[in-house]
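Visitor: I would like to learn how to read aromatic pairs and helix packing in a model such as this one. Could you take me through them step by step?

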Amino acid sequence: MSLDSRLPIHQPALEENADPRASTGPVLRWGVVATGKIAATVSADISLLEDAVLHAVSSRSGARSSAFKGRFGFARAYSDTVTHSGYQLLCQDPDVDVVYVAAPHGQHHDIVRTALEAGKHVLCEKSLTINAREARALMALARQQGVFLMEAVWSRFLPSINRAWQIIRSGELGDIRWVQADLGFRAPIDPSSRIWAPAAGGGALLDLAVYPLTWALGTLGFPEAVTATGSLNDDGVDVQNALALSYSSGAHAQLTTSLVAASPRTATVGGALGWLQTSAPLHNPLELTVAVTGKDPRKERFTVVGSGYTYELREVTRCIQKGQTESKTMPLEDSLATMELFDGLRQQLGVCYPNDAAGR
């Protein structure tokens, strides 16, 4: 497949060593859709921001939404009724400023569309949608409504990863020639889990590949060509894949994700003058090793505020406060280009989701 090459990832506006909890403007009232593990982790980090209020949460289940409300101190809880889903009720709440969507991939399009149509700003978990067609529709709607929309690729905002971009762009490693990144673990097989469900967009590609891909994009930009190999289970879900990215410069990247095998979960960037390697996990490394020819290797260590989602949350908050509808660090064009890339990779792997046939 052929893609337009783009510049690597833009660095966040947050100043180096700045505290992401510190207020940058008026208080925003957050609504959270879903009550799973990632929703809980991100809600805890939202509560750390000085200019954020946990206002409303929604779930299909009244018991779950009420329990989540009490656990994190939300003002309101919504759940499904005979006529409306919980997320529809949340989006109708006039006191909600921004909606965080933590539902499975297959539900993103409908939930985000509902929030945008209600005039809400949106932060949506990766992947933004199931396919590029859905992503285009949401991008057009967000721009029509004049509201903020961003895919929650939190790694792009972390101090350690942005320090890696600084090192790479400084020229210390010389011209970058290759990138290797992997993310694998043995996931318990559970047909009811979203990670194994085709309707939810399950599989290693949409759930995991964005993290190794972030290292290729941040270092080399979008590739000219990508090839994929992998394995599918009986339900057509990709359980493992290997991606080879190539660039007109002659650089290459090899990315692997797996739900059936453990891996080091690291990224390595190789240049003409040296290399850089992360500690595990590559999506939130707390240590970088830098080795330049003729010098002793050095290690740089990092800490994060909260669970690390505070940095992307600060970016969303700052952008909305400034009246911006996109983030320069995680622009919508990058999300669309990623979904186009994934569409092509799924075609190579033979992965098809119900949303594809639905024409959305």
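Guide: Let us begin with burial, where a residue counts as buried if its relative accessible area is under 20%. In this predicted model, Phe-68 has a relative accessible area of 3% and is therefore buried, and Phe-74, at 4% relative accessibility, counts as buried by that reasoning too.

Visitor: How many aromatic pairs does the structure hold, and what describes a pair of aromatic rings?

Guide: A pair of aromatic rings is described by the distance of the centres and the angle of the planes. The structure holds four aromatic pairs. In one of them, the ring centres of Phe-68 and Phe-74 lie 5.8 Å apart with the planes at 35°, so this pair is tilted. Trp-165 and Trp-215 form an edge-to-face pair, with 5.0 Å from centre to centre and 70° between the planes. This pair links distant parts of the chain, since Trp-165 belongs to helix α6 (residues 159-170) and Trp-215 to helix α8 (residues 210-220), 50 residues apart.

Visitor: Are Trp-165 and Trp-215 buried or exposed?

Guide: Both Trp-165 and Trp-215 are buried. As for the phenylalanines, Phe-68, Phe-72 and Phe-74 form one aromatic cluster.

Visitor: At what angle do helix α5 and helix α10 pack?

Guide: Helix α5 (residues 132-145) and helix α10 (residues 332-349) pack at about 165°, and their axes are 8 Å apart. Angles over 145 degrees count as roughly antiparallel, which is why α5 is described as roughly antiparallel to α10. Their crossing is left-handed.

Visitor: Which residues meet in the contact of α5 with α10?

Guide: Among them are Met-139 and Arg-143 in α5, and Met-339 and Asp-343 in α10. The residues of this contact divide into six nonpolar, no polar and five charged.

Conventions. Residues are numbered from 1 along each chain as its sequence is written. This is a predicted model: local features need pLDDT of at least 70, side-chain atom pairs count only at pLDDT 80 or more; totals for chains, interfaces and linings use all residues. Side-chain values use heavy atoms; hydrogens and water are left out. Rings of Phe, Tyr and Trp (its six-membered ring) pair if their centres lie within 6.5 Å; planes under 30 degrees apart count as stacked, over 60 as edge-to-face and the rest as tilted. Buried means under 20% relative accessible area, exposed over 50%, partly exposed in between (1.4 Å probe, protein chains only). Helices (H or I, at least four residues) and strands (E, at least two) are DSSP runs, numbered from the N terminus. Axes are lines fitted to C-alpha atoms, for helices over the stretch in contact, and angles run from 0 to 180 degrees between N-to-C directions. Angles under 35 degrees count as roughly parallel, over 145 as roughly antiparallel, 65 to 115 as roughly perpendicular and the rest as oblique. A crossing is left-handed if the near helix is turned anticlockwise from the far one by less than a right angle, and right-handed if clockwise. Contact means heavy atoms within 4.5 Å. Ala, Val, Leu, Ile, Met, Phe, Trp, Tyr, Cys and Pro count as nonpolar, Asp, Glu, Lys and Arg as charged, and the others, Gly among them, as polar.
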